[in-house]
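Dear colleague,

Please find below the structure that I am handing over to you. A summary of the findings follows it.

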Amino acid sequence: MKRFIQLSASLLRIFAVLLMVASAPAFVAYSPISGEAHAAVVSAIDVRGNQRVDAETIRSYVTIKPGRSFNSFDTDESVQNLFSTGLFADVRITQRGRRLLVQVEENPTINLVLFEGNDKVRDEQLRGVVQSKSLGIFSQSKVDSDIERIREAVRRSGRASADVTARVDQLDNNRVNVVYQINEGGRTKITSIDFIGNNAFSDNRLMEVISHNESNFLSWLKRDDIYDPDRLTADEGRLRTFYYNRGYADFQVISSVGEFDPSSNTYSITITVDEGDLYRFGAVEIDNALAVVDAAALRDELEVTPGDIYSARDVERSLIAITNSISRSGYAFSEVTPRGERNFDDRTIDITFFIDEGPRVYIERIDVLGNDRTREYVIRREFDVSEGDAYNKVLVDQGKSRLDRLGFFDSVRISTRQGSSPDRVVVIVQVRDKSTGEFAIGGGYSSNGGPIAEISLTEKNFLGRGQYLKISTGIGESARKYELSFTEPYFLGHRIAAGFDLSSQETKSNSDASYASDTLFGRLRASGPVTENLRLGVNYTLKQEDVTSTSTSIALQDAVRRSPFLTSSVGYNLTYTDLDSLRSPREGIYANFTQDFAGLGGDAQYIRSTARAVGYYLLSEDADIVLMGAVGAGYIHQWGSDRLRVTDHFFQGGETIRGFGNRGLGPREGTEAIGGTTYYNATAEVKFPFFFLPRSYGVSAALFADVGTLHDNDFSSSTTVQDSTNLRASVGASIIWESPFGPLRADFAHAVLKESFDETQVFRFGISSSF
């Protein structure tokens with residue numbers, strides 16, 4: 001009996017050991033030493049099966065060391081360490097006597113990463129998405145992850161039903177090709193975009209604010225009907241900005257949802273909002289706690305006025321203006337905080353700008369990250385602060401806004417972290433470069449110039465230096481032109497844009513001008529900001545023109561006799577603008593005044609002055625009805641002994657007073673337009689959308705009235721010249737289409753005031769296009 005009990009105990013111990021071995025991972029074989037299942041010692045570690053990876057590198061991931069005891073937990077940890085490197089398909093650790101054997105099977109090397117079936121998303125784009133790379137180590141987990149990454153990339157291109165699989169082709173020498181097979185599927189459309197809760201603004205008006213559009217027959221060109229959840233989140237921000245700047249300070253986006261219908265491969269978007277009440281500015285105060293700052297003087301910096309509709313943009317502009325004014329006065333450690341107090345009874349918001357001493361924190365370092373193409377100094381120069389300066393969040397945010405406006409980056413993010421001490425901060429500028437080059441082939445037709453075509457190459461961030469370069473050639477029925485333009489936006493380290501323009505132009509005799517000319521043109525220019533909205537520019541121009549004509553016109557023969565003619569001039573221009581949008585303005589003013597002085601050498605001696613002002617006023621926010629008014633004038637005066645050439649005169653026609661032909665009004669010699677020295681004109685226009693068409697089509701209409709005149713020149717005393725100072729006027733209607741190729745406009749006009757020698761034109765059409 002005693003022997004039976006001893007035998008049973010021995011069997012139980014053996015069974016326990018076998019149970020422990022059986023419960024270990026399948027890839028681990030463990031041999032107990034001296035009956036201990038959890039403690040062992042080896043004298044050496046042997047590595048087998050490795051081809052590329054050095055044995056010593058493999059040993060460095062093994063936590064078991066010769067001469068030291070180890071257990072199963074050390075074995076498991078070593079196996080996991082080796083697998084985590086991604087270098088191995090299989091790992092086995094076993095003990096053979098006093099030696100530890102590490103047997104590995106290396107993952108294959110990737111020979112090529114290939115993509116099949118993709119048409120809308122290029123291979124180059126997908127290579128930037130996947131983790132598997134040629135000459136890298138194959139990993140099944142990476143391949144699985146790449147499948148989802150590719151599916152997401154294709155989905156963002158507008159194909160939500162895309163399907164992606166992967167195939168691994170085995171090659172010799174433990175190499176593989178990874179082939180991603182892509183079925184892009186059909187183009188996913190947006191069938192509807194609905195707004196819920198909006199009363200102040202219609203769905204059509206809000207559609208113009210967001211970046212998504214409903215699918216229509218132009219969507220294949222405009223590409224604005226691709227659903228993207230990130231863009232939808234950005235659209236929420238656009239809506240908030242839109243409402244905050246129009247008095248709705250309590251506006252909220254309750255939800256924005258894109259629902260996918262797999263049966264029709266379409267999205268429907270629903271945006272639910274709470275507009276809140278309309279507020280106006282109430283009392284506006286400055287609470288100043290700094291003795292060195294004159295609060296009364298700062299009131300001139302305010303962009304907010306009591307009684308005006310509340311605008312978050314005006315509050316922000318006031319904040320920046322006050323901060324900059326205090327900084328210019330020499331006090332760096334200021335903190336300006338706007339605070340609004342709502343008066344619910346009269347729906348006003350009292351604004352108080354609190355000025356206090358800010359924390360004495362300095363910028364230890366500015367780290368710029370993610371700029372793979374753009375030079376670092378291009379980013380740094382947009383900030384009015386640098387290392388060692390006092391940290392000012394407003395000025396840092398202003399720098400971010402400038403970077404956003406450059407158009408060089410897909411995204412700009414600013415963050416901070418504490419520096420080497422509590423009074424030091426590190427500013428981190430994270431950017432993502434985007435393509436800034438454009439190759440354009442343009443084509444179109446104008447009613448005065450016939451067929452036109454242009455090929456241009458434009459780079460807005462030349463060599464990552466922030467410089468602008470454009471090379472173009474234009475070919476028309478009666479003209480050929482070559483141009484080269486270059487601009488350095490920060491000349492000599494200052495915020496001054498300097499550059500040059502070179503061009504060569506050949507024109508043939510046509511129905512508008514019975515002369516031909518060859519012109520060489522060069523210009524040096526520089527401009528800089530005077531205020532936030534006002535810029536001053538200066539230039540020097542050198543132009544040589546050679547005119548030929550068989551016309552018997554006295555004016556043209558005078559130009560031919562004096563050819564070739566050299567003009568050397570200096571000039572300046574002042575430009576003011578506070579337009580809310582350069583592409584489609586609804587509010588604001590644009591004004592420009594230019595003067596050129598010719599006579600610094602060369603053959604021409606004159607002073608030429610031109611002025612133009614355009615104002616926009618939004619008659620109806622919801623209906624999007626815009627009133628536009630414009631005035632213009634010009635005068636050129638010969639101050640030398642010789643008279644002006646005909647080619648130096650102003651010419652006016654349908655481009656300013658519709659209803660008249662190109663060069664259709666002003667002095668004429670017979671049927672030849674010879675231009676004038678004085679002009680003035682004015683325009684009133686009401687623009688409104690086609691209410692029966694979705695605004696996503698970009699079609700609108702306009703009613704207009706034009707008035708103006710062009711008169712006087714040195715040939716007016718000739719009996720063959722017809723001239724008049726009388727006003728000309730026209731009325732008409734227009735159809736305007738913001739097409740994918742550029743703005744297209746058709747004008748129908750009737751001249752109600754004209755002279756007998758003027759040339760009229762009922763219909764005028766023009767298109768400017770690029771692909």
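The model is predicted, so local features need pLDDT of at least 70 and side-chain atom pairs count only at pLDDT 80 or more, while totals for chains, interfaces and linings use all residues. Residues are numbered from 1 along each chain as its sequence is written, and side-chain values use heavy atoms, with hydrogens and water left out.

Aromatic contacts

The whole structure contains 16 aromatic pairs. Rings of Phe, Tyr and Trp (its six-membered ring) pair if their centres lie within 6.5 Å; planes under 30 degrees apart count as stacked, over 60 as edge-to-face and the rest as tilted. One of the pairs joins Y243 and Y248, which are edge-to-face because their ring centres are 5.6 Å apart and their planes stand at 80°. Y243 is buried, at 0% relative accessible area, and Y248 is buried at 11%; buried means under 20%, exposed over 50%, and partly exposed in between (1.4 Å probe, protein chains only). A stacked pair is formed by F763 and F765, with 6.4 Å from centre to centre and 15° between the planes. F763 is partly exposed at 38%, and F765 is partly exposed at 25%. Y243 and Y248 also belong to one aromatic cluster with F201, F242 and F251.

The charged end of R339 is 4.5 Å from the ring centre of F354, and R658 lies over the face of F704 at 3.7 Å from the ring centre.

Sheet

Strands (DSSP runs of E, at least two residues, numbered from the N terminus) pair if DSSP finds at least two bridges between them. An open, antiparallel sheet has three strands in the order β28-β27-β31. β28 (672–673) and β31 (721–722) each have a single partner strand, so one side of each is without a neighbour in the sheet. β27 (residues 668–669) pairs with β28 over two bridges, and E669 has E672 of β28 as its bridge partner.

Cavity

A cavity is a set of points on a 1 Å grid over the protein atoms alone where a 1.4 Å probe fits but cannot get out; lining residues have an atom within 4 Å of a point. There are two cavities of 30 Å³ or more.

Yours sincerely

Conventions:
Helices (H or I, at least four residues) and strands (E, at least two) are DSSP runs, numbered from the N terminus. A charge sits over a ring if NZ of Lys or CZ of Arg is within 6 Å of the ring centre and within 35 degrees of the ring normal. On a 1 Å grid over the protein atoms alone, a cavity is a set of points where a 1.4 Å probe fits but cannot get out, and a pocket is an open set with protein on both sides within 12 Å along at least five of seven lines; lining residues have an atom within 4 Å of a point. Grid points are joined across faces, edges and corners, and a volume is the space filled by probe spheres set on the points.
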